[in-house]
Amino acid sequence: MPDSPTTNKNAIWRPYCQMKTAPPPLEIVSAKNFTLQTADGRALIDGMASWWSVCHGYAHPHVIESVAKQLEKMPHVMFGGITHEPAERLATRLATMLPADLNHVFFADSGSVAVEAAMKMAIGYWRRRGKPERQRFLSFDHAYHGDTTGAMSLCDPDRSMHSAYGDAILSQLHCPLPKDPESENLLHEMLSRHQQEVAGVFLEPLVQGAGGMRFHDASTVQRIRRLCDEHGVLLIADEIATGFGRTGSMFAIDTCEIVPDIICLGKALTAGTMTMAVAVARSEVFNAFWSDDVGDALMHGPTFMANPLACAAANASLDLFEREPQVQRAREMQNQLQAGLSPCRTIPGVVDIRTRGAIGVIQVETLPHLDQLRQQFVDAGVWLRPFGDCIYVTPPLNLPTPFVENLCSAIVNVMSSKRFTTSDAQTITPVAQAGLRPSSR
């Protein structure tokens, strides 16, 4: 984007990049259906769904119409001491969709804030149960739960982008996912040893996202639920990325057949229209705050919580999930992505190719010349943002088959001209820059 005489190119502090050396960002002038229109006239298939969020494609008419109608009535109103129909309807629908008694919806304005609210719910629950010492949390190796201070503490302390903050953030407990008897015993021992101080266990069910796009199976999640029950610890499911059809079921916990004590949802909640998230608690957690004492209330309230426009977008998105086979389409896309990306297996340095629902991951030994790779994808007509040791796709759930095929073909063509072996790396990889370690499945 060219500078004008009145433009300061550093007026925007951009995310996840070194401003001094990063190439200019790609200017997008419009987004429609499944493509991004660039300022220089190119149409790019969006393989990212804008960080997992645009589940029905861009500018879906039903979502746009619903938001426009709400905009005429009431764009925003504070939620302290006030309620409104879009929020009431959305909370009721979410409570109906979620299993068991996950019935109590707390609105937040981003995924990280929903995680923070869930942390406060868990700590407050134990305080009101006469165990105020239970203030710490356990999460898993390669976890990522957000960028705010409390959420950062739940991320992998050695491998995450937040490792550099060290002692400046809260100290939590971390261990491997219990994928086998040995790691299950480790989690059991850690919960036994720290039972009196642990308020809850945070988990990304089925897919760990920004920690390396790592998959685990339903039995792993079931082990965690069983151990939390055995040790009397709350289980908090972070489905901000995986919720709303992404893994091939409406929620990942549906596949796992477990019920967490709290679940965090976001990203696709509003179909990528605007920011909103929720933390939804079971009745036992909610009832701990039910009191005649004002001091027992959950003292948390983002300014834009339950924003009426966001609620209208979310309700419209849920309409589309009811009317259209988006979740089924995500399941179908799993096989299409697996077939389309499989030719990359022969490329030097490719470690693994894995898919789950509308998620495709190519894991490599190293990602040299990352900015150059991104530009090559743009030149091939697709928008992707590789990171760590992964080239991955999380397209809109309803991306038509020809678009899926074109997306995969572009990836295969670009990657076929390169090597991804550690011995060929000539630059410091994003893994090293962020203090990460190359991952294994």
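Guide: Gladly! Let us start with one word: a residue is called buried when its relative accessible area is under 20%, exposed when it is over 50%, and partly exposed in between. Please keep in mind that this is a predicted model.

Visitor: Then why is Ala306 called buried or exposed, whichever it is?

Guide: Ala306 has a relative accessibility of 0%. The limit for buried is under 20%, so Ala306 counts as buried. You will find Ala306 in the loop between α9 and α10.

Visitor: What makes the phi of Ala306 worth a look?

Guide: Most residues other than glycine have a negative phi. Ala306 is not a glycine, yet its phi is positive, near 60 degrees. Tyr16 is another residue to look at: its phi is positive too, about 55 degrees, and it is not a glycine either.

Visitor: How do you know which class of accessibility Tyr16 belongs to?

Guide: Tyr16, in the segment before β1, has a relative accessibility of 42%. Buried needs a value under 20% and exposed one over 50%, so Tyr16 counts as partly exposed.

Visitor: What makes Tyr125 and Trp126 an aromatic pair, and of which kind?

Guide: A pair of aromatic rings is described by the distance of the centres and the angle of the planes. Two rings pair if their centres lie within 6.5 Å, and planes over 60 degrees apart count as edge-to-face. The centres of the Tyr125 and Trp126 rings are 4.9 Å apart and their planes stand at 80 degrees, so this pair is edge-to-face. By the same rule there are nine aromatic pairs. There is also an aromatic cluster formed by Phe244, Phe251 and Phe321.

Visitor: Are Tyr125 and Trp126 buried or exposed?

Guide: Tyr125 has a relative accessibility of 5%, so Tyr125 counts as buried. Trp126 has a relative accessible area of 8%, so Trp126 is buried as well.

Visitor: How do you know that a charge sits over the ring of Trp126?

Guide: The distance limit is within 6 Å of the ring centre, and the charge must also lie within 35 degrees of the ring normal. The charged end of Arg134 sits over the Trp126 ring, 3.9 Å from its centre. Arg354 gives another example: its charged end sits over the ring of Phe215, 5.7 Å from the centre.

Visitor: Why are β1 and β2 called paired strands?

Guide: Two strands pair if at least two bridges are found between them. β1 and β2 (residues 35-38) have four bridges, in the antiparallel sense. In this pairing Ser30 stands opposite Gln37, and Ile28 stands opposite Thr38. The hairpin of β1 and β2 has two residues between the strands, and there Asn33 takes a positive phi near 55 degrees.

Visitor: What makes β2 and β3 a pair too?

Guide: β2 and β3 (residues 43-46) share three bridges, again antiparallel, and at least two are needed. Here the bridge partner of Gln37 is Ala43. In their hairpin, with four residues between the strands, Gly41 has a positive phi near 95 degrees.

Visitor: What makes β1 and β15 edge strands?

Guide: Four strands form an open sheet in the order β1-β2-β3-β15, with mixed pairing. The edge strands β1 (28-32) and β15 (382-383) each pair on one side only.

Visitor: Which faces of β2 and β16 are covered?

Guide: In a regular strand the side chains alternate between the two faces of the sheet. In β2, Leu36 and Thr38 form the covered face, while Thr35 and Gln37 form the uncovered one. For β16 (residues 390-393) both faces are covered: Cys390 and Tyr392 are buried on one side, Ile391 and Val393 on the other.

Visitor: What lines the second largest pocket, by class?

Guide: The second largest pocket has a volume of about 550 Å³. Of its 22 lining residues, the closest to the centre are Val105, Phe106, Phe286, Leu298 and Met305. By class, the lining has 15 nonpolar, seven polar and no charged residues. β4 gives the largest share of this lining, five residues.

Note on methods
Residues numbered from 1 in each chain as written. Predicted model: local features only at pLDDT ≥ 70, side-chain atom pairs only at ≥ 80, totals over all residues. Heavy atoms only, no water. Phe/Tyr/Trp six-rings, centres within 6.5 Å; stacked < 30°, edge-to-face > 60°. Buried < 20%, exposed > 50% of the residue type's maximum accessible area, 1.4 Å probe, protein only. 1 Å grid on protein atoms, 1.4 Å probe; cavity = no way out; pocket = protein on both sides within 12 Å on 5 of 7 lines; lining within 4 Å. Points joined across faces, edges and corners; volume = space filled by probe spheres on them. Nonpolar A, V, L, I, M, F, W, Y, C, P; charged D, E, K, R; others polar.
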